[in-house]
Amino acid sequence: MDAKVIFYKQDGLDQNTKFKLRRELLGLEQKSNFSQYRYKVKGILNEIPHYRPVNSTIIVKNEDVVKIKKILNKYNAILEIFEVKVPNNKLKV
């Protein structure tokens, strides 16, 4: 299957911006009332089939690149995109 690998860097971003970027991409587990209540905030990668071999690297289908690129550009992350071929079973939600 044709896919694209996205490498991104968060260099030069403050901690608050890095947190917002990670939350929008990956989601997070939110805690409230001294960790009595926990709930998950979903990120874009909870909806898109993807593969993350290492940190700051995402492999997605060609049609989903626009969604990821939009988020990374919103937070001024440095990114590079390359075409790759991956087996169908590697991309999971």
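These are my notebook entries on a predicted model of one protein.

**Entry 1: Overall layout**

I began with the whole chain. The protein has 93 residues, and 31% of them count as buried. I looked up its extent next. Along the principal axes, the C-alpha atoms fill a box of roughly 45 × 30 × 20 Å. The accessible surface comes to about 6,400 Å². Carbon and sulfur atoms hold 48% of that surface.

Then I listed the elements. I found 2 helices and 6 strands. Read from the N terminus, they follow the order β-α-β-β-β-β-α-β.

I noted a general point here. Strands of a sheet pair through backbone hydrogen bonds, parallel or antiparallel.

I then followed strand E1, residues 2-9. E1 and E6 run antiparallel, and 8 bridges join them.

**Entry 2: Salt bridges**

How many salt bridges does the structure hold? I counted 5. I looked at three of them in turn.

The pair of lysine 85 and aspartate 2 came up, with the closest N and O atoms 2.7 Å apart. Lysine 85 is in strand E6 and aspartate 2 in strand E1, so this pair ties together parts 83 residues apart in sequence. Is lysine 85 buried or exposed? Its relative accessibility is 67%, so lysine 85 counts as exposed. Aspartate 2 is at 43%, so aspartate 2 counts as partly exposed. The cut-off I used for exposed is over 50%.

Next I took glutamate 24 and lysine 74. Their side chains meet in a salt bridge at 3.3 Å, N to O. Glutamate 24 sits in helix H1 (residues 15-26) and lysine 74 in helix H2 (residues 65-74), so the pair ties together parts 50 residues apart in sequence. Glutamate 24 has a relative accessible area of 26% and is partly exposed. Lysine 74, at 53% relative accessibility, counts as exposed.

I also checked arginine 38 and glutamate 29. Their side chains form a salt bridge at 3.1 Å, N to O. Arginine 38 is at 51% relative accessibility and counts as exposed. Glutamate 29 is at 36% and counts as partly exposed.

**Entry 3: The nonpolar cores**

I turned to the inside. In soluble globular proteins, nonpolar side chains tend to be buried together. The largest nonpolar core here has 15 residues. Those touching the most other members are Leu21, Leu25, Ile44, Ile58, Val60, Ile68 and Leu72. Which elements each supply at least two residues of this core? They are E1, H1, strand E5 (57-61) and H2. H2 gives the largest share, 4 residues.

Another core lies apart from the largest one. This other core has 5 residues, including Ala3, Val5, Ile59 and Leu91.

Definitions and conventions. Residues numbered from 1 in each chain as written. Predicted model: local features only at pLDDT ≥ 70, side-chain atom pairs only at ≥ 80, totals over all residues. Heavy atoms only, no water. Pairing = 2+ DSSP bridges. Salt bridge = Lys/Arg side-chain N within 4 Å of Asp/Glu carboxyl O. Buried < 20%, exposed > 50% of the residue type's maximum accessible area, 1.4 Å probe, protein only. Core = buried A, V, L, I, M, F, W, Y, C linked by side-chain atoms within 4.5 Å. Areas by Shrake-Rupley, 256 points an atom, 1.4 Å probe, with all protein chains shown as cover.
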